[in-house]
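Open the model in your viewer and keep the sequence panel beside it. The tour below tells you what to select at each stop and what is found there.

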Amino acid sequence: MARLTDRRSFLWTSGGGLGGLALTSLLDQEGLLTGDDLADSQVNQVLPHRPAKCKSVIQIFCPGAVSQVDTYDYKPELEKKSGTAFDASGNLKFFASKPGNLQKSYFKFSQHGESGRWLSSLFPNLCKCVDDMAFVYSMHNKSALHGPATFMMNTGFTLPGFPSMGSWITYGLGSENENLPAFVVLPDLRGVAPGGPANWGAGFLPAVFQGTSIQVTGQGPPIADLQPPLDPVITGAGEKRLRSFIDRLNKEHLSTRLGRNDLEARIKAYELSARLQLSAPEVTDLHQETEKTKSMYGLGINRFESFGRQCLMARRLVERGVRFVQVFCGADNIAPPRPNWDAHEDLQVNHGRHGPVLDRGAAALIQDLKQRGLLEETLVICATEFGRQPAAQGKGRDHNPGAFTTWMAGGGIKGGVSYGVSDEIGYKAAVNPTYSYDLHATALHLLGIDHKKLTYYHNGIQRRLTDVHGQVITDLVA
Amino acid sequence: MKDKPFLLCFLIGLITQLSGVSQDDSLRSPEKTRPLIKIDFETDIAPIFSSRCVECHNPQEKNGGLDLSNSKSALIGGESGKGIVPHDAEKSELWKKVSAREMPPTENPPLTNSQLQKIKEWIASGALWPADRILDQYLLSTPSRAGNDWWSLQPIVRPPIPKRVADTVWKNPIDSFVGKALKEKGLVLSGEADRSVLIRRLYFDLLGLPPTPQHLQQFLEDTRPDAYQRLVEQLLSSPRYGERWGRHWMDIAHYADTHGYERDQPRHHAWRYRDYIIESFNHDRPYDQFLIQQIAGDVMDPDNPQSNIATGFLASGPYDYTGIEEALSEKLKRQALADDMDDLVTTVMTSTMGLTVNCARCHNHKFDPISQQDYYQLTAVFAGMTKQDRVITNLDKYNNRKKTKLAIRSKIGAINEELRSLADVFDLADLVGGGDGSGNAPDGMGLDPRTGLFAKGTTGSLEGVKVNHFVTSPAACIEGCFIPDGGPSAGLGVPITSGGLKIQLPKTSGSCWDYFQKGPCNSQDFTELDGVDYNGPGHTLLSIHSNKGITFDLVAIRKKIGVRNLRFTSTMGFGGKHAESSADVFVFVDGKKVLEHQHVGRGSGGIPIDLRLEPQANYLTLVVTDDENGIGHDQIFFGDAWIQSVEEKSDLEKKRIGDLLDRRKELQSELRDIIEPTDLVFAAVGKEQPGQVHLLSRGDPEARAQEVFPAGLSCLTGLKSNFGSGKTSEKERRKKLAEWIIHPQNPLTSRVLVNRLWHHHFGRGIVKTPSDFGFLGSRPSHPQLLDWLAAEFLESGWSIKQIHRLILTSGTYRQRSDFNGFATTVDSDNQLLWRMNPRRLDIESIRDAILSVSGTINLAAGGPGYKDFDFVDKYAPVYKFITADRPELWKRTVYRFTVRSVPNRFMKILDCPNPSSLTPRRSQTTTALQSLSLLNNPFMIDQAKYFANRLEDQQPTLTQQVDLAFRLTFARPPSPQELTASCEMATENGLFYFCRALLNSNEFIYLD
C-alpha cells in the first residue's frame, strides 16, 4: 500500500470505494485533512506492518451467549459436583437470577482428532475439524449484558459508537476486489444481534468502512437499492440513458472546475455502482455450486438451510477477495423460542436447537475452505458475547461474563491447540484471562497489522480497536 | 505545512530569596565546589523538572518510588537511592539516571546537553530548592504534551486589526486578518463569486435549503448596493435558520429520540429539547444564557418551562436502561452508571470548552493538563442527577388540563353506560386490563396469571410459576386464573374454579410467558386477522400467551348487563411470528369443553367464535396451551372478545348505538389531543443530595480512592474552580459549573463557539478539531483572527447572529471557489483561505433539498418527530424503516425521530453520523453504495416522479419545464446546449428520468 503523500492520487483511489480504499481513504473531500493531520495521524503508516499470514477473515458470531460448559470446555469436576450448591452463602446474584445448584453439561463430551480435543455431542461435524481449530478457553467480558458485551466483542468497547473489527480491518487493508464491498455482513434471517447494526458499524470512522449487509435468501436483490423498485416507469433503456446523462452532466460540470478530485471521485463511484449491479448477483447465486457442496452445508434441509447459505456465501465472498465477512448465527431476543443462544429457560432445548445448526454450517465452511486451499489465507473466528453459568437457572443457565470459549481456524492459526484455562467448573477464566483485545490483536497480527499502529484520531484520542490493551496470542500463531 | 505550537515564554524573574530556602543545612554548605555559572532553580531547573520529570514522579504517581515535586522528597529519593546529594552529582541518583540517558525514558525526546549541564551544576552548587516550592507537572507545555501555558488556556486578548491590504475592496476586519496572512505568502483573496453562486451558498449555509426560483430572480434583479447584506438579514431572520443551525448543535449534544443499547426504548418527550435548540438559534438567545439553561436551567429559573426543557442537553446521549435499571447485580449497575457519567461529563466539556476530559478517566490526561482528580471532581458536579422524563408545565396549566380531561372522561363514561344498557356489549379484554367491561381499563395493566392480581406491564418469561394451581381474582367478573399442565402432574385434572371444578388438558412445558393483557402482549408480532386490526379503533384485543387459562364469572357479568340470554363472540388467532410454533385453544363452560382448536398457528387466520351461554351457566373458561412445542411464539389473542345479548336490536336502537359510538370516538380523539402534549421532556432531574464521590483508580468503579468534591478544571488558573464541598446541593453544583463555563474570563467557551461557527461556514475551523483545543487538537491557522472573533462575540453580548453577520459579509466568505494553480502550489489545502472551499451538502441538506425541489416538502415546524418506521414494542423494541411517502414524513430532516440502535440505511449510507457519537465535524465519503441509494431508493423514485409532476403542473412546454428544473436544482438557467440535450432526453425517456438525473448530479450535491 502506497504511502500517502500525494493528495491527488489519494483522492483518486478513494473514488469509489465500496470500502475498498483502505487507509489511503482517510479522505476528507472537504479538505479537512491537511498536512497537520497527516503528520499527527495514522496516515504515516505503511500497511501492512509485517508480512501477512492471511488475507481475509470470516467471523461467525453467536448472539445470546453460548454455554462453554455444554459445548467446548470440558469440566469433569463440574460433572462430579453436579447437584451440589454453587453459592452456599446465598448472596450471589447473576444477571437475572440467584444461582441454583451446579449443573453438569447437558451433552456428553468426548475426545476427537489427533489432538484429542474435547467437544460435546452437540458438534458431530465440527469434531472432525478439531485438528484445524484453536480454542481460547479463558475468554471473559467486561459486561454481563448482551448489548454492551456484544459491542465489546465486536468493537472492543462496551459503549456504542466505536468502529467494529471489520471496519478497522477494511480501514487498514481495503479490499482485493473493487467490485464488491470490502466488509460484508450476513445477518441471521430472524433479525439482528443485540445492539443492532452498531455491531458492524463504522463508529467514528468514515461511513465507507461500515459493513454492507447482503441478503442470503436467494430471493430479491442481495443488496438494498441495488436495482430500482418494480415500477411501470422504470425501463431498461431508461436506466441506461439515465447513467449516461448523469455522466454527461457531471463531466460538463467538472470541465469548469479544475483540480476537483472529489467530483471525479463521485463520477467514478457511479461507474462502480454499475459494476456492482453485475457482481453482487453473481456472488450470491448459489446455483453455480455443486449438489455435493450444497448438501455439505445442509442446504435443502429446513433447519440447516438458512445458516448453511450464510456460510456458503461467506466462502464465495472471501474467494472473490472480500476482506471481512461477518456471519451471524442467531438474532436478538424477541420472544421464545429465543432465536439465539440465550438459554435461560431450557438449555437442552435451546442449545439442542442451535448447536447442530452451527455445527453443520461451520464444519462445512472449514472443510470447504480447506479443500479449496483457501483455509490458509482465511481466518475463521467463532465468537459469542459471554458464557453461561455452571450453576443452573431452572432448566437453563444465566449469563456468565467470567468465562467462555472462542475458537479460530485457518489463516495462520495452529490447529488442535488451546490457550488459557477456565477454573475447574468453568465459572471464571483462571489461566491467561483474555478479553476481546487479545483476540483482536491476534487477528490483526495475522493480517499483517500491528494493532498498536492501526489508529484513528477521534475527540482527543488516537483510537485503536484494542484501546490501550491487547497482546498477540503467539501460542496460537503457526 | 505544520504549525508550530504556541509555546509562550514562562518568565519567573525573581531570584530565590535565602529566607525561603530549605532548612536542611546540607543544602548549602558553602565550602564545597564552587559553581561555574550561576544556576537559578526557578529559571533553570524548575522548568526541566516540571516538564520532563514530574509527570511520572509526583506524590500520586511515584515511579521507582521517587517524587520529584518538592525538595524534601527529592532528597530522600526512591528505590535506587538518594535522589539528590547536594554538591555531589555523582552520588545523586537523579544525575546518574539522566546522565546515563536512562531518564527521561527513551521514547521521549532526550534532555539537551545544556539542560544536563545545568542540572549537574545546580547539584554541584548545593541544589538550592525552596522548601515551599512544589513543582506542578502541568505548569509548562513540553514537546510531547500541553501544560497550563497551552495556547487555548490563555486569556483572550483582543488583537489590533491589521492594516488593510492595499489592493482589496473589502473593509471587513476579517479580511484584514486573512489578507495579511495571504500576503505573507504572496497570495490574495479570490474575487467575489457570482450572485447565483452566492445565493445558493447562503441558502444552504444558513437554511439548509435551496433558493426558490422567485428568490433567485429577486436577488439577481436587486440593484441596491446592500442587496447582499439584505439577503443575509432576511435569511438570518427566517425560522428555517434555527432548523439548520440547531442541527449542528444536536450533533455535538448527540441528540436522539431513543435510549440506545439493547433495549432501545423510544423517548416520547425528547423532542421538546430539540425544539428548544431550534428556537434558541432563531431568537438568537445569547450563548451564555443558552449554555446556562442547558446545564442548570431548572436551577436558575425553575418556573420557566423553557429553562427546564433546556436541560434535555444533559440527557441527550444514550442511556443503558438494562444496565442501570434492570440488572440485578450492583456491580453491573455501578459500571453502567460510571459509563453514563463519563458520557455526560464528556458531552458537557467537549461541546462547551473543547477539552477532552474523558481522557483523564483512567489516568491523568496524557496530553493535556487535566488530572484524574479534575475528571472526578467534574463527575461530582453531576453526582445527584438522573435522566428521566420531567414535567415542565407550570402547575395552573397542568391542573386546567387535568380538569378538562376529567370532564371529557365523564362524558365518555355516560356514553359507555348508555351503550351498555342498549347494546349490552361487555368486553372481556377490558376486564383483564382492570376495567369494568365498558372499555375504561387503564393503559398497560395486565392480569398476572400467578397471582390473579392486576399489575403494570410484563417482563416476558414468568418466574416462580406454580402449575395447576388456581388463584382467585379480586376482580368482580373474573373468577380466577391458572397455569395448566395436563401431564401427569395434573392428577385428576386442572382446577379452573375456586370450587375445584377440574378439566382435562394436554401436557405442556409448564412455563408461562407474559400476563393476560388488554391489547397486544409484550412480545406479540401481529394484531391483525384477515385484514382486521384488533388493536385498531373500534376493536379490542385480549392477549393470552400460552400456557394460561382464565375463568370469567358469568353470574356477575349477567348482573352487570342485566340480561339473561348471552352469547360469547370473538375472532381468535395467532399473534406470533414463527411458523414452526403453534398452540391449542380451548373454551369451557362450567367445565364442559365447548370448543377446541388444535395447532393454531400463523397460517390459521381468524377463527370465528359464536357461543350461546345458557341462562344457568356460571363459568366461562378460556385456555391456551403450547401444543407441546414450547411456549414459543404462542401469542394467541381473542379479537373483540365480547359477551352480548342474543336479542336483535330495533332499527332505532341500532341508530342510537351508532351515534353513541361516533360521539365516543370524537370525545376519545379530543382526549388524545389533550394528552398528546403532556408537557414532559426527557431531561435532567436533580434527584437528591449527592452521595460521596470518589476518584476511581484506573477508572474502575470497584476501586474507590480518595473522596473528591465538585470543582472545575485546575488548568484554567485564572478562574476560581472550587464549586463547594460534599454538602453542596445537587442544584448548586450544576449552577456553579455553568457559571464557571460562561465566565468571561474563561477563554475557551467563546473561542470554541466562534470556531464552530467558522467551521460550518467554511467547512473547516480556524482550529480544525472543533471539540479539541488540547495538545492533540490542531493549532489555529489564524490565531489572532480567532481571538478577535472571540472578543467581538463577548462584546456583542454572546450574539451568535452577530458573528454570522461579520463572517458572511466578509470578502473571505464571498470569494469564488475557483482553482488557482499558483495558490495551489503555495497552499494546496487552502489553509490560508485564498478561495472559498467548495463543499458537498450533508445528508440533511440533500434530503431537504430533494423534497424542496420536488415540491413535496412539509415545512411544519416543531413537535414530535416524524417516524419513518414501523414500531413494534417489545423487550428489545423493533424499528423497521419504511419509505417516506406521505406529507407527515416529508418534514425537514431535523424533525426525524432519530433511533439509535438501528440507523436509517439511506441516511447512514450518505454519512449521517451515529447519533451516539459526539460529532463536532462530519466525515464525508464517496461510495458506490451512495450512488445506488440516490439512484434506486424508492424514496428517490417517488420524489423524481413528484418533481416531474410539479414541472408539468407549473409549465406548459418542455423547454420551460427544463428551464424551471435547472433553476430549482442548480439556481441557474440551462445553457442552450444543456437545454437541447435535456429536452432530447426528456422526450425520449420521459421527464421522470430527466428529473432523476438532476437529483443525482454533482452540481446538485455540491456547493461552489
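What pLDDT does chain A average? This is a predicted model, and chain A averages a pLDDT of 86, with 90% of the residues scoring at least 70. Colour both chains by confidence before going further. Select residues 1-45 of chain A: pLDDT stays under 50 there, and the model has 120 contacts beyond four places in sequence for this stretch. Where pLDDT is low, the predicted coordinates should not be read in detail.

Now select chain B. Its mean pLDDT is 88, and 93% of its residues reach 70 or more. Residues 1-35 of chain B have a pLDDT below 50, and this stretch has 55 contacts in the model beyond near neighbours in sequence. For the complex, the predictor gives an ipTM of 0.70 and a pTM of 0.71.

**Stop 1: chain B as a whole**

Stay with chain B and show it as a cartoon. The secondary structure comes to 33 helices and 26 strands. The C-alpha trace of chain B spans about 120 × 80 × 55 Å along its principal axes. Of its 1008 residues, 53% count as buried. Among contacts in chain B between residues at least 6 apart in sequence, 69% join residues at least 24 apart.

**Stop 2: where the chains touch**

Show both chains. How many residues of chain A are in contact with chain B? There are 81, and they are in contact with 89 residues of chain B. Helix 1 (7-14), helix 2 (35-40), helix 4 (146-155), helix 6 (236-255) and helix 7 of chain A each supply at least two residues of the side that touches chain B. Helix 7 of chain A gives the largest share of that side, nine residues. By type, the residues on this side of chain A divide into 40 nonpolar, 27 polar and 14 charged.

**Stop 3: the cores**

Select A:L186, A:A314, A:V325 and B:C995. These are the residues with the most contacts inside the largest nonpolar core, which has 310 residues. Helix 7 (residues 261-284) of chain A supplies the largest share of this core, nine residues. Another core, of 57 residues, lies apart from it; B:F426, B:F568, B:V600 and B:A641 are among its members. In soluble globular proteins, nonpolar side chains tend to be buried together.

Go back to A:A314. Leaving aside neighbours within four places in sequence, A:A314 is in contact with A:I58, A:L186, A:V325, A:V327 and A:L365.

**Stop 4: strand 7 of chain A**

Select residues 324-328 of chain A. Is this strand buried or exposed? Five of the five residues of strand 7 of chain A are buried, so the strand is largely enclosed by the rest of the structure. Show the side chains: A:F324, A:Q326 and A:F328 point one way, while A:V325 and A:V327 point the other way.

Strand 1 (residues 56-62) of chain A runs parallel to strand 7 of chain A, and five bridges join them. Here A:V57 stands opposite A:F324. Strand 5 (residues 183-186) of chain A is also parallel to strand 7 of chain A, with four bridges; A:V184 has A:V325 as its bridge partner.

**Stop 5: a sheet in chain B**

Return to chain B and find an open sheet of six strands, in the order 5-6-13-18-15-16, with antiparallel pairing. Strand 5 (471-472) and strand 16 (592-600) of chain B stand at the edges with a single partner strand each, so one side of each is left without a neighbour in the sheet. Two bridges join strand 5 of chain B to strand 6 (residues 478-482) of chain B; one pair to select is B:V471 and its bridge partner B:C481.

**Stop 6: two helices of chain B**

Select helix 23 (residues 800-808) of chain B. Which of its residues are buried? They are B:I800, B:I803, B:H804, B:L806, B:I807 and B:L808. The buried residues of helix 23 of chain B pack against several helices of chain B, including helix 5 (173-184), helix 21 (747-762) and helix 22 (783-795).

Finish at B:E978, in helix 31 (residues 976-989) of chain B. B:E978 has 18 C-beta neighbours inside 10 Å and therefore counts as partly exposed.

Conventions:
Residues numbered from 1 in each chain as written. Chains lettered and ligands numbered in written order. Core = buried A, V, L, I, M, F, W, Y, C linked by C-beta atoms within 7 Å. Buried ≥ 20, exposed ≤ 12 C-beta atoms within 10 Å, placed from the backbone. Contact = placed C-beta atoms within 7 Å. Pairing = 2+ DSSP bridges. Nonpolar A, V, L, I, M, F, W, Y, C, P; charged D, E, K, R; others polar. pLDDT = per-residue confidence, 0-100.
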